Amino acid sequence: MAEGNRKRQSSKSEIVVVSALKDWSCAECGGGGGSLLTMDDRGPLCLGCADLSHLVFLPAGDAALTRRARKASGLSAVVVRFSRARKRYERQGILVEEEALERAEAECLADADARARHRERERSRRTEHDLAFQAEMVKEIVRLFPGCPRDRAEEVARHTGARGSGRVGRSAAGRAFDPKALGLAVAASVRHRDTGYDELLMSGLDRAEARLLVRDEVERILEEWGNA
Ligand SMILES: [Zn+2]
């Protein structure tokens, strides 16, 4: 990401290796045909004559790996190829010492591991947060409805808490603890679990009608729980 702005690299003298498009022969040893060459005063040189043949090619594409490999490599070169279509040289990657590449790969892997561990920590912290949130809510429900069975309070908190916790902000959490909101959540639970509401819905009654039919019963139970 930030690597894209490393202009310093290109202004600094760097060894440029060209990916050959045509046949060529080495100005020093007379050999030729390799895919990579460097330009010398005398003409093209093969990597052997240019003392670069021990380097390995790392294709462009992974900015962090490239940066690390180049940094770890005592000797490195940038590989370019002329694009006939764009009429300019384009970077293909770099040549670095094999050991440097291996070290860079290990560092990037360690980063990936660290990131995975970080995500795991975040996830478990969120779970702990959710549980604490739910426990708080159970307490609040029981405070408002002392007669509400504990497992029912836990169920309501689980359902409501799942929506009110986690990444949702504090205001949403605050709303979730609002007595009115909690009352509505408990009422919904009573409606579904302690009345014939669900069956009425299943029988084709619309929601408003079904609610009206069970309203008195819901209120009676809430009152009973509230005054226990
Ligand atoms: Zn040569």
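Trainee: Which residues make the nonpolar surface patch of about 300 Å²?

Mentor: L21, F82 and Y89 make that patch. Patches take residues with over 30% relative accessible area and no salt bridge, joining nonpolar side chains (Val, Leu, Ile, Met, Phe, Trp, Tyr) within 5 Å and like charges within 9 Å. A salt bridge is a side-chain nitrogen of Lys or Arg within 4 Å of a carboxyl oxygen of Asp or Glu. Areas come from the Shrake-Rupley method with a 1.4 Å probe, and for residues only the protein chains shown count as cover.

One caution: this is a predicted model, where local features need pLDDT of at least 70 and side-chain atom pairs pLDDT 80 or more, while totals for chains, interfaces and linings use all residues. Residues are numbered from 1 along each chain as its sequence is written, and side-chain values use heavy atoms, without hydrogens and water.

Trainee: Why is F82 called partly exposed?

Mentor: Buried means under 20% relative accessible area, exposed over 50%, and partly exposed in between (1.4 Å probe, protein chains only). F82 has 31%, so it counts as partly exposed.

Trainee: What makes C26 buried and C49 partly exposed?

Mentor: C26 has 4%, so it is buried; C49 has 23%, so it is partly exposed.

Trainee: Which atoms are the protein donors of the zinc ion?

Mentor: They are the SG atoms of C26, C29, C46 and C49, 2.2 to 2.3 Å from the zinc ion. Donors are N, O and S atoms within 2.8 Å of the metal (3.2 Å for Na, K and Ca); water is not among the atoms, so sites may look incomplete.

Trainee: Why is the arrangement tetrahedral?

Mentor: Four donors count as tetrahedral if all angles lie between 85 and 135 degrees. Here the angles are 104 to 116°, so the arrangement is tetrahedral.

Key. Four donors count as tetrahedral if all angles lie between 85 and 135 degrees; four count as square planar and six as octahedral if opposite donors are over 155 degrees apart and all others between 65 and 115; anything else is irregular.
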